[in-house]
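Here are my notes on this model, as numbered points. Please read them with the structure open.

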Amino acid sequence: MGAENEPAAKGVPPWWRDRRVLPWVVQAVVGLLVLLLIAFLLGNLVRNLTAAGLLLSWRWLNQPASFGIAETIIPFDATMPYWRGLAAGLANTLRAVLLGLVGATILGTLAGMASFSRNGLLRGIARVYVEVIRNIPLLLQLVFWYFVVFLALPNGAAAVQIPGVVLAKSGLYLAGFEEGVRWTVPHLVNNVWQAPLRVSVEFGALLTGLIIYSGAFIAEVVRGGIAAVPRGQWEAASSLGIGWLATLRWIVLPQALRVIVPGLNTQYISLAKNSSLAVAVGYTDLYSVAETTLNQTGRAVEVYLILLGAYLGLDLLISLLMNGLNRFVQIRER
Amino acid sequence: MIRHPFTGLQQCGVVRKLGMALRRSLLWPLTALLAAQLAGCASDSGSGVQSQKMATINGRGKLVCGVDGKLPGFSFVGPDGAYTGLDVDVCKAMAAALFGDPGKVEYRDLNSSERFAALASGEVDLLSRNTTMTLSRDAPGGNGLSFGPTTFYDGQGVMTPVTSGIRTLKDLAGKPICVESGTTTELNLADRMRELDVAYTPLKFQTGDQTYAAYLGGRCIAVTSDRSQLAAKRTSFPSPDQHVLLPDVMSKEPLTPATVNGDPAWADAVRWTVYGLMQAEELGITKANVAEKLAEAKANPNQADLRRFLGVEGDFGRQLGLPSDFVVKSVAAVGNYGEIFDRNVGPGSKLKLDRGVNRQWTDGGLIYSPPFR
């Protein structure tokens with residue numbers, strides 16, 4: 001018996017039948033093909049761009065932009081170079097995304113919680129909100145908020161006024177400290193509102209649209225998370241005499257977070273990407289500046305590389321932070 | 001010559017056949033690899049004119065023309081779905097010159113931001129979309145377009161409601177102004193206001209519709225664009241007489257049809273078809289009398305200029321890669337330049353613009369066709 005098996009055990013099989021070698025060979029071939037394809041595509045790009053006289057160049061970034069931007073949070077004027085304009089656009093995008101994230105999270109959490117309320121009216125409102133908003137395209141909503149709601153606001157003295165806050169067609173004006181010391185409320189100068197803090201209606205429309213749209217999706221994520229907590233937890237809390245809100249706050253939500261956070265990640269990333277629809281309502285974000293830059297310089301590939309890099313970086317950053325949060329809220333085995 | 005669908009590179013001969021075989025098999029992605037060796041292929045021999053673009057257009061059997069589509073007088077879709085306007089007539093003249101049929105045009109509505117990409121990618125053959133000719137748009141290091149003859153000499157203006165109390169550019173200090181992004185007007189506005197040292201708020205929108213909607217919604221006190229465009233848009237406002245153009249002319253805006261750089265034969269065909277419309281006006285050839293003039297030229301061998309112009313003798317058409325009677329066909333389709341102007345933006349239209357600098361050079365204007373020789 002042993003003598004029969006011996007040749008097979010001793011003899012080394014040819015490499016094309018060797019289970020230890022074969023996977024490596026296949027991987028090497030596939031890897032080589034992928035590398036070749038990438039090299040070909042890059043070579044093709046360079047060759048065609050060279051033929052068209054458009055080889056990648058970044059010198060234009062230092063040339064004066066000579067276009068203006070309506071509202072910026074970092075100083076910018078038309079004499080500054082293109083990269084400053086793009087940076088100002090990125091800052092505007094970040095402002096919209098950051099405030100949008102905070103607003104949508106609060107609204108979505110409230111709406112998600114409300115769908116478990118014992119109050120039927122509140123439950124109904126939450127359901128209608130989610131179903132209506134989820135099923136209408138965001139672009140349509142943004143255009144609605146801007147052209148139908150915000151541009152219908154009155155201007156000048158007829159503007160909506162509550163102490164410290166004025167909402168006019170030209171923007172939202174808030175009271176604040178001027179030059180760091182003097183408390184100033186919005187006031188009219190030559191029939192134009194002046195205030196320490198001003199938000200344009202373009203930004204207002206974008207933010208409103210993003211918060212309400214993303215809020216609906218986040219509400220569903222939160223609802224799913226709460227629903228994933230076993231009923232027994234509610235019943236146990238109830239039997240201990242703990243109220244509805246306290247049960248939610250101290251018992252259900254902490255457990256629901258484990259389910260909510262990964263879903264939130266997706267919604268946050270969508271919100272960041274959706275912010276590029278700002279151009280539809282006249283808000284000058286990164287995409288809008290990039291488009292103007294592209295038209296003035298003709299550097300399509302470079303401008304799109306910058307755009308791709310910026311949005312990819314932003315989304316990866318959000319993912320990174322959310323993954324950190326995810327690890328933090330997971331149950332730690334002891 | 002055939003272009004690869006993904007890479008846009010030329011293919012020929014054996015390599016092309018191999019490519020076809022591969023494409024039929026499941027290995028079609030590999031055809032991209034093949035395209036690598038193709039750049040050096042010799043071009044098809046045959047007619048004296050070598051134009052990839054014209055071969056594509058002739059193969060397709062129709063011209064794809066990029067227009068605005070929402071600008072009365074220049075390119076506008078009527079209630080019957082038909083395009084009309086000065087820019088549209090340039091497309092029609094070109095189709096008539098190529099195919100003898102002004103209807104063989106497919107129109108693509110383009111906004112000002114996407115127009116150059118559409119032309120560069122070959123999505124449209126001809127961009128006839130009230131586009132200003134500038135150095136950076138023409139230069140190969142910039143947008144890399146190839147411009148034909150200017151079909152409308154315009155200037156940038158500012159429109160504001162009559163009730164706004166604004167009379168000059170300086171009155172716009174601190175005020176929001178609506179402008180379409182990706183236009184020369186956006187830059188001119190910034191330049192002029194900087195010269196005047198007037199701070200203002202530019203509100204940029206991606207499309208003309210959004211820009212004028214925001215203006216009519218009262219978000220901005222003024223809107224800026226080419227004066228002809230402002231006048232054209234005003235005709236579709238609810239109450240056109242409530243809006244006024246400021247007298248200031250902020251820039252030169254020569255509106256010019258464009259083709260992609262790198263195909264001089266196609267650019268020449270467009271250039272001389274448009275010049276043909278201008279020359280026809282100078283010679284008094286109209287849509288109505290072109291057949292009569294042709295008969296006259298055929299009958300009288302002494303009218304050498306007219307005979308050459310109308311293609312009775314000589315080979316101007318063939319030199320351009322067009323039929324010899326391309327001028328006759330295009331004038332018969334849309335009329336001469338003067339007729340096109342009057343019908344679309346002049347006295348025969350709602351815009352009622354004055355010919356102004358767009359008169360023939362013989363009347364002291366800028367419309368001047370080089371000789372057909």
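1. Which residue in strand 5 of chain B is the bridge partner of Lys70(B)? The partner is Phe76(B). Keep in mind that this is a predicted model.

2. Strand 4 of chain B and strand 5 (residues 75-77) of chain B run antiparallel. They are joined by 2 bridges.

3. Now the sheet as a whole. In chain B, 3 strands make up an open sheet, ordered 4-5-6. Pairing in this sheet is antiparallel. Strand 4 (70-71) and strand 6 (83-84) of chain B are at the edges. Each of these two has a single partner strand, so one side of each has no neighbour in the sheet. As background, strands of a sheet pair through backbone hydrogen bonds, in parallel or antiparallel fashion.

4. Next, a helix pair. Helix 4 (residues 86-99) of chain B and helix 10 (residues 264-282) of chain B have axes that come within 10 Å. The crossing angle is roughly 110 degrees. Angles of 65 to 115 degrees count as roughly perpendicular, and the two helices are therefore roughly perpendicular to each other.

5. Which residues make this helix contact? Helix 4 of chain B contributes Val90(B), Ala93(B), Met94(B) and Ala97(B). From helix 10 of chain B come Val270(B), Thr273(B), Val274(B) and Leu277(B). By class, the contact has 7 nonpolar residues, 1 polar residue and no charged residues.

6. On to backbone angles. Asn130(B) is not a glycine, yet its phi is positive, at about 25 degrees. Asn130(B) sits in the loop between strand 8 (126-127) and helix 6 (135-138) of chain B. Is Asn130(B) buried or exposed? It counts as buried, because 29 C-beta neighbours lie inside 10 Å, and the cut-off for buried is 20 or more.

7. Chain A has a case to set beside it. Ser66(A), a residue other than glycine, has a positive phi near 50 degrees. Its place is the loop between helix 2 (22-51) and helix 3 (82-114) of chain A. Ser66(A) has 18 C-beta neighbours inside 10 Å, so it counts as partly exposed.

8. Last, the domains of chain A. Domain 1 covers 2-44. Domain 2 is written as 82-135 + 201-329. How many Å separate the centres of domain 1 and domain 2 of chain A? Taken over C-alpha atoms, the separation is 47 Å.

Key. Residues numbered from 1 in each chain as written. Chains lettered and ligands numbered in written order. Predicted model: local features only at pLDDT ≥ 70, side-chain atom pairs only at ≥ 80, totals over all residues. Axes fitted to C-alpha atoms, helices over the stretch in contact; angles between N-to-C directions. Helix = DSSP H or I, 4+ residues; strand = E, 2+ residues; numbered from the N terminus. Parallel < 35°, antiparallel > 145°, perpendicular 65-115°, else oblique. Contact = placed C-beta atoms within 7 Å. Nonpolar A, V, L, I, M, F, W, Y, C, P; charged D, E, K, R; others polar. Pairing = 2+ DSSP bridges. Domains from an automatic or database assignment. Buried ≥ 20, exposed ≤ 12 C-beta atoms within 10 Å, placed from the backbone.
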